[in-house]
Amino acid sequence: MLEISPWETLVKLLTDSLLNCTGTHEDVPHSKNFLRSLTTTYIASLAVATAVTVGTVCLAVLHLAYISFYITHSNRRLLIVLLACTAPLVSILALVAMYMPRVWFLSHLLSFLYFSFALWVIICLLLHIFDGHHALVTKMMQRLQYVEIATPPFCCLFPCLPKVRLEGKKIRLCELMVLQAPIVRLFATLVSLIIYFEYQDQGLVPLKVLDFITLPSLLAGIYGTHMLVTTVSRMDELVSYRYVVVFRILDIFFMVFGLQQPVFDFLARYGAFGCGTVLPAIETSFYWKNFFTVMEAFCVTLISTVLLQPSKSSFFDKHPSCRSMSSARSTITEVDIDESTT
């Protein structure tokens with residue numbers, strides 16, 4: 001037997017597979033043929049994923065109802081709707097890819113694009129809370145001195161990053177770092193679709209190269225978001241909105257979703273899923289990746305339902321509990337003013 005060097009093994013894991021599956025499920029079946037040849041495990045997983053997705057969508061409809069009833073500002077309402085649609089949209093795309101294995105790549109690209117867009121939306125929501133960029137910078141300059149740059153994803157590699165003095169142009173730079181991420185991701189998505197539909201499996205290496213080239217853009221967008229949110233999280237105005245909770249939910253969901261793809265891809269090429277029983281090895285791994293994505297989306301929706309109730313967040317300014325808190329705050333302010341004048 002010829003010995004394979006570690007380098008050749010690594011290249012094979014990235015571009016091919018360690019398994020020899022010639023003659024077994026080389027082609028990805030159409031959805032009709034796939035659904036006809038399901039085993040008990042696949043039938044059960046599809047039934048569970050469908051039921052969970054329906055639950056996610058039902059909770060999302062409840063969220064949208066609360067958003068439409070209890071949020072006054074139309075722009076803020078739109079931003080929160082876009083964020084609330086993240087989990088159900090990702091869940092639906094993953095479920096569609098489970099029923100139609102040939103569209104898993106399109107499902108992943110669209111989900112990743114929406115996540116990148118959601119990063120910009122979460123910053124737009126921050127700006128709306130403070131009535132725009134200039135008002136945000138003014139308040140930050142009054143109360144804060146430094147921009148926190150020791151944040152994920154680079155704080156793990158560089159834990160001793162210094163604090164940077166806060167300036168308006170540095171805040172603008174953070175905003176631009178976040179803005180470029182969905183723009184670059186949109187371009188990468190279009191190019192990836194062209195490569196995939198033109199070359200199919202032969203386009204695997206160019207697709208991985210494209211992912212590697214666009215990775216700095218994604219990391220810069222995540223880094224810019226973390227710097228802004230971590231810096232402003234020290235300001236009292238955000239506490240009643242539970243804005244940091246919204247950001248952490250989106251951030252963790254995006255992190256888990258982004259890490260799943262290479263992990264399942266590696267496991268499939270390593271041979272963890274064998275040669276597949278109904279689907280080829282790679283598509284089998286992505287089928288189960290989509291199954292876990294459906295479960296994660298439901299957990300995210302459920303956690304959001306509990307932690308971001310209208311009674312707990314000032315985003316829902318028309319909710320009775322929010323009105324009572326506002327009147328209490330105004331009463332306290334009036335009492336303070338009366339005491340100071342006397």
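This is a predicted model: local features need pLDDT of at least 70, side-chain atom pairs count only at pLDDT 80 or more; totals for chains, interfaces and linings use all residues.
Trainee: How many helices and strands does the secondary structure of the protein come to?

Mentor: There are 12 helices and 2 strands, and reading along the sequence gives the pattern α-α-α-α-α-α-α-β-β-α-α-α-α-α. Of the 342 residues, 43% count as buried.

Trainee: Which residues in the largest nonpolar core touch the most other members?

Mentor: A nonpolar core is a set of buried nonpolar residues joined through side-chain atoms within 4.5 Å. Here the largest one has 54 residues, and those touching the most other members are Leu83, Ile122, Met140, Tyr243 and Phe315. Several helices each supply at least two residues of this core, including H4, helix H8 (168-199) and H11, while the largest share, 11 residues, comes from H6. Apart from this core lies another, of 16 residues, with Ala49, Leu95, Leu279 and Tyr287 among them.

Trainee: With what is phenylalanine 315 in contact, leaving aside its neighbours within four places in sequence?

Mentor: Phenylalanine 315 is then in contact with Tyr70, Ile71, Arg76, Ile80, Leu125, Ile129, Tyr241, Tyr243 and Val246.

Trainee: How much space lies in the second largest pocket, and which residues are the closest to its centre?

Mentor: Rolling a probe the size of a water molecule over the atoms shows where empty space is left. In this model, the second largest pocket holds about 530 Å³ of space, and of the 25 residues that line that pocket, His63, Ile80, Ala84, Ser304 and Leu308 are the closest to its centre. The lining divides into 18 nonpolar and 7 polar residues, with no charged ones, and helix H3 (40-70) and helix H10 (243-270) are among the helices that each supply at least two of its residues.

Notes
Residues are numbered from 1 along each chain as its sequence is written. Side-chain values use heavy atoms; hydrogens and water are left out. On a 1 Å grid over the protein atoms alone, a cavity is a set of points where a 1.4 Å probe fits but cannot get out, and a pocket is an open set with protein on both sides within 12 Å along at least five of seven lines; lining residues have an atom within 4 Å of a point. Grid points are joined across faces, edges and corners, and a volume is the space filled by probe spheres set on the points. Helices (H or I, at least four residues) and strands (E, at least two) are DSSP runs, numbered from the N terminus. Ala, Val, Leu, Ile, Met, Phe, Trp, Tyr, Cys and Pro count as nonpolar, Asp, Glu, Lys and Arg as charged, and the others, Gly among them, as polar. Buried means under 20% relative accessible area, exposed over 50%, partly exposed in between (1.4 Å probe, protein chains only). Contact means heavy atoms within 4.5 Å.
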